[in-house]
Amino acid sequence: MERTPLIAGNWKMHHGISATGKFLSELEMRISRDAGAKKALEGDFIEMAIFPPFTSLWRALEGKRYLPWLKVGAQNVHWAPEGAFTGEVSANMLREAGCDYVIIGHSERRQLFGETDEQVRRKLDAAVSAGLLAVLCVGETLQEREAGETMAVVERQLMKALVGLPPDEVGRSVCIAYEPVWAIGTGRNATPGEAQEVCQAIRRFVAERFGDEAAMVQRILYGGSVKTDNAAGLLSEPDVDGALVGGASLQADSFAQILAAAL
Ligand code: PGA
């Protein structure tokens, strides 16, 4: 398999420093009891990443001392390298702090903080230039799905975000997360068939725009109410290369169970 599955935990605005420390100890215990998961993580056959709030990042990064395979990322980034942007953090700062990943264009940022396709593109360019791996989120609202616009919306978001990147960076430095907005935090996940249909179409889109090679290595995640009881079905689809997990990533036990379902 050319694509290493990624199980990513988007903590949103949850888990301060002490809760992060507790999560890491529980995760260490949980993984040490699961020989298969431990071996897969240590051998890079699968990746686990967590995305804590900014103030907890250093604590999560410290956890790499005893969980060396753990990847850590931020939930947002600014596009400028530095400057008078109160409240923002740059890609180089995240890289310097030790982050591997960054989430870009999550629907909560688009909907609640007015993030535009153009801002998403600039953030993505900055992240990739700084050497971060980007998890680029795309997905339609319920209204758009019911109007039959799912692929039009997803393709527009992808096109606008990826347009400036060299084709070989697309597959290598970007993970695409298909997250239907109606499935996020609602307990109503897409069915494995629905997730596969869109993820397959995304891979086809990447092939058409950036070439077969990019499409072959392109990791595509599904996100939206992924839980311990639906993860195996979703992750067994051929074009679903992992999961972006919100609520169920906050407890080490359920997050580790989702990882186990991917193996
Ligand atoms: P959820 O969130 O798993 O809680 O639905 C997913 C996400 O927002 O990435």
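**Notebook: pockets and rings**

I sorted the lining of the second largest pocket into 4 nonpolar, 3 polar and 5 charged residues. (Ala, Val, Leu, Ile, Met, Phe, Trp, Tyr, Cys and Pro count as nonpolar, Asp, Glu, Lys and Arg as charged, and the others, Gly among them, as polar.) The model is predicted: local features need pLDDT of at least 70, side-chain atom pairs pLDDT 80 or more, while totals for chains, interfaces and linings use all residues. Numbering runs from 1 along each chain as its sequence is written, and side-chain values use heavy atoms, without hydrogens and water.

I noted a volume of about 190 Å³ for the second largest pocket. (A pocket is an open set of points on a 1 Å grid over the protein atoms alone, where a 1.4 Å probe fits, with protein on both sides within 12 Å along at least five of seven lines; lining residues have an atom within 4 Å of a point.) Helix α9 gives the largest share of this lining, 3 residues. (Helices are DSSP runs of H or I, at least four residues; strands are runs of E, at least two.)

Next I looked up the largest pocket, with about 420 Å³ of space. Of its 17 lining residues, K12, Q75, N76, R109 and F113 are closest to the centre. R109 puts its charged end over the ring of F113, 4.4 Å from the ring centre. (The rule asks for NZ of Lys or CZ of Arg within 6 Å of the ring centre and within 35 degrees of the ring normal.)

Last, I checked where W11 and F23 lie: both are buried, meaning under 20% relative accessible area with a 1.4 Å probe, protein chains only.

Key:
Points joined across faces, edges and corners; volume = space filled by probe spheres on them. Buried < 20%, exposed > 50% of the residue type's maximum accessible area, 1.4 Å probe, protein only.
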